[in-house]
Amino acid sequence: MSEEVINKIKVTIDGVTVEVKPGISIVEAAREIGGPSVPPTMCYYSKLEGSGGRCRTCLVEVSKGSEKDPRPMPKLVPACRTQVMDGMEVKVITSPKVVEAVQGVTELLLINHPLDCPVCDQAGECKLQDLAYEHGLERTRSEFPRRTFQPDDLGPYIKLNMNRCILCARCILVANQLTDQRNQGILFRGDHAEISTYLNKAITNDFSGNVIDVCPVGALTDRTARFKSRVWFTEPVNATCKCEKCSGKAVLWVKGNEIIRVTARKDQYNEVEEFICNDCRFERKDLNDWTIEGPTPINKHSVISVNHYELPLPKNDPHYKLKNNNIKTIE
Ligand code: SF4
Ligand code: FES
């Protein structure tokens, strides 16, 4: 038996036991199981150091602390900031308390959100939209006016719609960890807090466009692609280019022969696999700039797959191979 296996610990989430490395968070352990027991994460981002602990959408119930100390934790805990212990038992969808808490957090996140999905470029890819659909109330109970801000251009490429921001701080972490200069931050406190640029500076460094990919809502959008198309009318294809600044691995969102926008590739938890540079994202909008690898696998439950749905053909059908080269879907 290898040393790594000996060092693994057992965690049970919603009745499913998994062996994981010590020191990881409950979210990471849940991701090893997959499925509906993975808590929603609006601020945690495994590729960004120090992320998490801000939105509370990942609250879970720890019904048994560990083998050594089996007492339950007295309150719900954020799964992204709580380490697993050997013998720990966690409830996510099996805990009525957690379900109620996520509903409450969703209501709080939506208190100032404009719900302008019909005109928002993030619609169809927005994690707050998914959360509101699953846990939101039919109508708001808040009687207070929502916070409103004027849309702001953060340089030539990025648009900030502060009305939609949930203050997850991922964009700040991208600026801190991926670029050599950070021009934006969170100003003010409490319900006055807002993302803004330092002395109205533009965000121009080579990897700044990644703030768009990490933003879970439509607060930061690509100015070169705004309002060009709803995401479900475009076809995502994996493509590569020769780039000196990044890996050059991207997804092209194509309509006809036009590249509507370029993004980084994302995993099943909507996290970027490899961050891309601004040249790839904003400047390479010609299909001749890219080598097409093939269709991007998309979740068949996603609205993006809506125009790509095809009934499976029997394997012995002569068209099987041809059809199989079309958009692939993943569970
Ligand atoms: S702009 Fe987007 S990424 Fe930045 S804090 Fe707001 S929601 Fe998060
Ligand atoms: S994802 Fe855990 S607090 Fe936001």
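Three strands form an open sheet in the order β6-β7-β10, with antiparallel pairing. Strands here are DSSP runs of E with at least two residues, helices are runs of H or I with at least four, and both are numbered from the N terminus; two strands pair if DSSP finds at least two bridges between them. The edges of this sheet are taken by β6 (152-154) and β10 (220-222), each with a single partner strand, so one side of each has no neighbour in the sheet. Neighbouring strands of this sheet are turned against each other by 35° on average, direction ignored. Angles come from axes, which are lines fitted to C-alpha atoms, for helices over the stretch in contact, and they run from 0 to 180 degrees between N-to-C directions. Three bridges hold the antiparallel pair of β6 and β7 (residues 158-160), and within it D153 has K159 of β7 as its bridge partner.

The model is a predicted one, in which local features need pLDDT of at least 70 and side-chain atom pairs count only at pLDDT 80 or more, while totals for chains, interfaces and linings use all residues. Residues are numbered from 1 along each chain as its sequence is written, and chains are lettered from A and ligands numbered from 1 in the order in which they are written.

The protein chain has eight helices and 16 strands. Of its 331 residues, 35% count as buried, a term used when 20 or more other C-beta atoms lie within 10 Å of a residue's own; with 12 or fewer a residue is exposed, and in between it is partly exposed, the C-beta atoms being placed from the backbone. Among contacts between residues at least 6 apart in sequence, 62% join residues at least 24 apart, a contact being two C-beta atoms, placed from the backbone, within 7 Å.

Another open sheet has five strands in the order β2-β1-β5-β3-β4, with mixed pairing. Here β2 (16-20) and β4 (77-78) stand at the edges with a single partner strand each, so one side of each is left without a neighbour in the sheet. Strand β1 (residues 9-13) runs antiparallel to β2, and five bridges join the pair; I9 has V20 of β2 as its bridge partner. Helix α3 (residues 96-110) packs on the sheet and touches β3 and β5, its direction making about 160° with that of β3.

In the loop between β1 and β2 lies D14. Although not a glycine, D14 has a positive phi of about 50°. Most residues other than glycine have a negative phi. D14 counts as partly exposed because 17 other C-beta atoms lie within 10 Å.

Helix α2 (residues 26-33) lies across β1, β2, β3 (59-64) and β5 (88-91), at about 115° to β2. Its buried residues are I26, V27, A29, A30 and R31, and what covers them includes β1, β2, β3 and β5. Just after α2, G34 takes a positive phi of about 80°.

According to an unreviewed UniProt entry, the annotation "domain: 4Fe-4S His(Cys)3-ligated-type" covers residues 97-136; positions are given in the numbering used here, feature names are shortened, and annotations may be inferred rather than shown by experiment. Over residues 97-136 the chain is 57% helix and 0% strand, with the end C-alpha atoms 16 Å apart.

K255 stands opposite E258 in β13. Because five of its six residues are buried, β13 (residues 258-263) is largely enclosed by the rest of the structure.
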